Amino acid sequence: MAARVGLTVERLTRAAAELADEVGFEQVTVSALARQFNVKVASLYSHLKNSQDLKTRIALLALEELADRAAEALAGRAGKDALAAFANVYRDYAREHPGRYAAARFRLDPETAAASAGVRHAQMTRAILRGYDLAEPDQTHAVRLLGSVFHGYVSLEMGGGFSHSAPDSQESWSRIVDALDALLRNWPTP
């Protein structure tokens, strides 16, 4: 039956990513995907090992999409302009693809993570930070700071945490990017 409806791992992964955006990443299972294609669950197991495998594939797709967007946004930019472009990629992606954004945070085993587009994310973050002249271990601290601020803000915003008061969330986002730029230019010494 699977061959009759033209199922492939790629098609299943993309459909599962769309499902994640609709119902939430945690709700995506092989059973839910089978219902979407109107096939028996067993017919999907010729393409997927289990729900963990499916979630890993969604995570890898999301990381790849995010890395491609970030690379495009960063082309020709440096300093604060690059920092803002990078931050906006994450925020915009989370808004457009909430399930995929959640998938990009899915814990991967070390081997899978090392072969994923997550490596490109780290490389791009470090490329931005080179413009701020940070050496190790401060560069690693800064990578963690940026990831924490971007993810934390986006998560709170998506949960409605900033929708009940002024100023507007966009205004705060812009000020936070300004503050991060100032902090990176004046990184404290131990």
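Modeller: Helices here are DSSP runs of H or I with at least four residues, numbered from the N terminus. The model is predicted.

Colleague: In which loop does P167 lie?

Modeller: A166 and P167 are joined by a cis peptide bond, with omega about 0°. Most peptide bonds are trans. The helix on one side of P167 is α10, residues 169-185, and the loop that holds P167 is the one between α9 and α10.

Colleague: Which peptide bond is cis, with omega near 0°, at P137?

Modeller: P137 is found in the loop between α8 and α9. The cis peptide bond there, with omega near 0°, runs from E136 to P137.

Colleague: Is D133 buried or exposed?

Modeller: D133 is found in the loop between α8 and α9. Its phi is positive, about 60°, although D133 is not a glycine. Exposed means over 50% relative accessible area. D133 has 71% relative accessibility, so D133 counts as exposed.

Colleague: What is phi of N38?

Modeller: N38 is found in the loop between α2 and α3, and at 63% relative accessibility N38 counts as exposed. Most residues other than glycine have a negative phi. N38 is a residue other than glycine with a positive phi, near 55°.

Colleague: How do α1 and α2 lie to each other, roughly parallel or roughly perpendicular?

Modeller: The axes of α1 (residues 9-23) and α2 (residues 30-37) come within 10 Å and cross at roughly 100°. Angles of 65 to 115 degrees count as roughly perpendicular. The two helices, α1 and α2, are therefore roughly perpendicular.

Colleague: Is A82 buried or exposed?

Modeller: A82 lies in helix α5. Beyond its neighbours within four places in sequence, A82 is in contact with L74, R77 and I128. Buried means under 20% relative accessible area. A82 has 2%, so A82 is buried.

Colleague: What separates the C-alpha atoms of S46 and A135?

Modeller: S46 has its place in the loop between α3 (41-44) and α4, and at 59% relative accessibility S46 counts as exposed. S46 and A135 are 89 residues apart along the chain. Their C-alpha atoms are separated by 48 Å.

Colleague: Which residues lie nearest the centre of the largest pocket?

Modeller: About 430 Å³ of space lies in this pocket. At least two residues of its lining come from each of α4 (51-74), α5 (79-96), α8 (118-130) and α9 (138-158). The lining divides into 10 nonpolar, 5 polar and 3 charged residues. Of the 18 residues lining the largest pocket, those nearest its centre are Y90, R105, H121, V143 and G147.

Colleague: Where does the largest share of the lining of the second largest pocket come from?

Modeller: The second largest pocket holds about 150 Å³ of space, and its lining residues include K49, Q52, D53, F106 and T112. The lining divides into 2 nonpolar, 4 polar and 4 charged residues. The largest share, 3 residues, comes from α4.

Technical notes. Residues are numbered from 1 along each chain as its sequence is written. This is a predicted model: local features need pLDDT of at least 70, side-chain atom pairs count only at pLDDT 80 or more; totals for chains, interfaces and linings use all residues. Side-chain values use heavy atoms; hydrogens and water are left out. On a 1 Å grid over the protein atoms alone, a cavity is a set of points where a 1.4 Å probe fits but cannot get out, and a pocket is an open set with protein on both sides within 12 Å along at least five of seven lines; lining residues have an atom within 4 Å of a point. Grid points are joined across faces, edges and corners, and a volume is the space filled by probe spheres set on the points. Ala, Val, Leu, Ile, Met, Phe, Trp, Tyr, Cys and Pro count as nonpolar, Asp, Glu, Lys and Arg as charged, and the others, Gly among them, as polar. Axes are lines fitted to C-alpha atoms, for helices over the stretch in contact, and angles run from 0 to 180 degrees between N-to-C directions. Angles under 35 degrees count as roughly parallel, over 145 as roughly antiparallel, 65 to 115 as roughly perpendicular and the rest as oblique. Buried means under 20% relative accessible area, exposed over 50%, partly exposed in between (1.4 Å probe, protein chains only). Contact means heavy atoms within 4.5 Å.
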